[in-house]
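Here is a short report on the inside of one protein model. Keep the structure open as you read.

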Amino acid sequence: MQVERNKHHLTPRYAWAVALGVFANQMLLVYSLKILEINMASIAADWGTTNASLGIMASFEGIGFGLFGALWGILSDKIGSRLTISAASFVSASAMVCFGLFVNDVPVGCVLMGLIGVAAAGSDTATLPKVASSWFHHSRRGIALTVFTVGGAVGGVVAGIIAGHLTADLGWRPSYVISGCICLGLAFVVLLLLRNSPEEEGTYAFGTPKDEVARMCEGLRPTSSGVRYDRRLIVAVLKNPTTYRYSVVMIFWYCWYMTYSSYLVASVQEAGFPVQVAALAVSAASLGCVTGSFVWSPLTDRFGRKGIFALVMAGAGLGSFGLLLFLNSGIANMAAMLAVVFCMGIFAASTPVMESSLAEHYRPDMRGIGPGIVSTFSSVGRFCGPLLAALVMTALGSTQSYLYFSGGAAIVCSLAILIMVRKTGGAYGDPLAEKALREQDGSEAT
């Protein structure tokens, strides 16, 4: 089977332009997820409630994020990654503006944060593994996903600096509105740079070895984005035990991630730091993520994904416990606080490792719907994580106590990875894609 080339061919290096588009999308995504964290204490004071009470909005964001993952995965197969991810970007940015303009109570806040979560699902696990596996050979996916997700870390840095100062100087409403307008500009960058697949552009995945390129000289071999949506794939994914094993991993992963990110600023404020300083904790954690991303994900291209993934999650759990000890130490030094958060952030850089591993757990024709369904199942962790953390906070009477829950969830996730995740990357390669190519070659020969 061959894919007809377009008249206008692009160099395979255009994959890095696609990566830049995803970089902008991830800046937008993380900014939209951090904005509530940064403004939670200010909103609580304005509405006369508590941080724990506002945690329900983070849970609605999480369940919107999770329940619509399969839908975005299907859309990416039906209309392509470019329109899918761009639409998600515009919806998320617009919802931020609307939150700042129209939200006056928790129920309406839950609706808007839920919409932000729905849009965020189109910029995350349901779509990114397919983009990476389409545009980059498996020997380059680790570094590609590093570039993708460093955009999110940069978005966290920008959010911590800009949104924190906007909140301190103008209030939380202008912080939401101005931040939403910034994200609308990023959405246009996403639309400009993204493309669906190398095949549609007359090229091949970046990093493809020369011997494989030679076999493509008369026509490009289709990859995951060269195969369109088929309803039977849903049944195949649901019958695949991998879907349920990886969903367990992702439930614990999101229990950690949603709580790690939801209450960080509020917990630092509780230790006596003002909002503009506490918001810098988001920037410090994000800078740590940038550092960690350039360490962990490239290592998976050399040593494999599974072991690195488990190691990073164990470090994330220990980092949460370390921050808890610092916040309870009574040390009110800003530089020391930022240093501890930075170190925790180094081990929070598990997203590119997770997404490259998840893609390689499915055949190329399932890399839209497969991760999408896993993303939907993982909504259990997205929704329950902030709620369970709020229960811990209420029981112990401290916002900082959420770190007990997030640290424990990360440790359990690390153990689940060791038990349930298969070995891919490095010397293990992309076995399911390679198997699909061998089957295709046999079919063509027949």
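## The largest cavity

The largest cavity has a volume of about 310 Å³. A cavity is a set of points on a 1 Å grid over the protein atoms alone, where a 1.4 Å probe fits but cannot get out. Grid points are joined across faces, edges and corners, and the volume is the space filled by probe spheres set on them. The whole structure holds 3 cavities of 30 Å³ or more. This is a predicted model: local features need pLDDT of at least 70, side-chain atom pairs need 80 or more, and totals for chains, interfaces and linings use all residues. Residues are numbered from 1 along each chain as its sequence is written, and side-chain values use heavy atoms, with hydrogens and water left out.

What lines the largest cavity? Its lining has 24 residues, and those closest to the centre are Val 30, Gly 152, Ala 153, Tyr 257 and Thr 351. Lining residues have an atom within 4 Å of a point. Two or more residues each come from α1 (15-47), α7, α11 (241-262), α13 (275-303) and α16. Helices are DSSP runs (H or I, at least four residues), numbered from the N terminus. Helix α1 gives the largest share, 5 residues. By type, the lining of the largest cavity has 14 nonpolar, 8 polar and 2 charged residues. Here Ala, Val, Leu, Ile, Met, Phe, Trp, Tyr, Cys and Pro count as nonpolar, Asp, Glu, Lys and Arg as charged, and the others, Gly among them, as polar.

## The second largest cavity

The second largest cavity has a volume of about 80 Å³. Its lining includes Leu 33, Glu 37, Glu 61, Tyr 257 and Ser 262. The elements that give two or more residues to this lining are α1, α2 (51-67) and α11. The lining of the second largest cavity divides into 6 nonpolar, 2 polar and 2 charged residues.

## A network of salt bridges

Side chains of opposite charge can pair when their charged atoms come close. A salt bridge is a side-chain nitrogen of Lys or Arg within 4 Å of a carboxyl oxygen of Asp or Glu. By this rule the count comes to 4. One of them joins Arg 141 and Glu 360 (3.2 Å, N to O). Arg 141 sits in helix α7 (residues 141-170), while Glu 360 sits in the loop between α16 (351-359) and α17 (369-377). The two are 219 residues apart.

Glu 360 also forms a salt bridge with Arg 305, with the closest N and O atoms 2.8 Å apart. Arg 305 lies in helix α14, 55 residues from Glu 360. Shared partners join Arg 141, Asp 301, Arg 305, Glu 360 and Asp 430 into one network. Within it, Arg 305 and Asp 301 meet at 2.9 Å, N to O.

Are these side chains' residues buried or exposed? Buried means under 20% relative accessible area (1.4 Å probe, protein chains only). Glu 360 is buried because its value is 0%. Arg 305 is also at 0%, so it counts as buried. Asp 301 is buried too, at 18%. Arg 141 is buried as well.

## Ser 320

Ser 320 is found in helix α14 (residues 305-327). It counts as buried because its relative accessibility is 1%. Its side chain makes a polar contact with the side chain of Ser 406, at 3.4 Å. A polar contact is a pair of N or O atoms within 3.5 Å; within protein, one must be able to donate a hydrogen and the other to accept it, and residues adjacent in sequence count only if both atoms are side-chain atoms.

Which residues does Ser 320 touch? Leaving out residues up to four places away in sequence, they are Trp 256, Met 344, Leu 403, Ser 406 and Gly 407. Contact means heavy atoms within 4.5 Å.

Terms used. Buried < 20%, exposed > 50% of the residue type's maximum accessible area, 1.4 Å probe, protein only. 1 Å grid on protein atoms, 1.4 Å probe; cavity = no way out; pocket = protein on both sides within 12 Å on 5 of 7 lines; lining within 4 Å.
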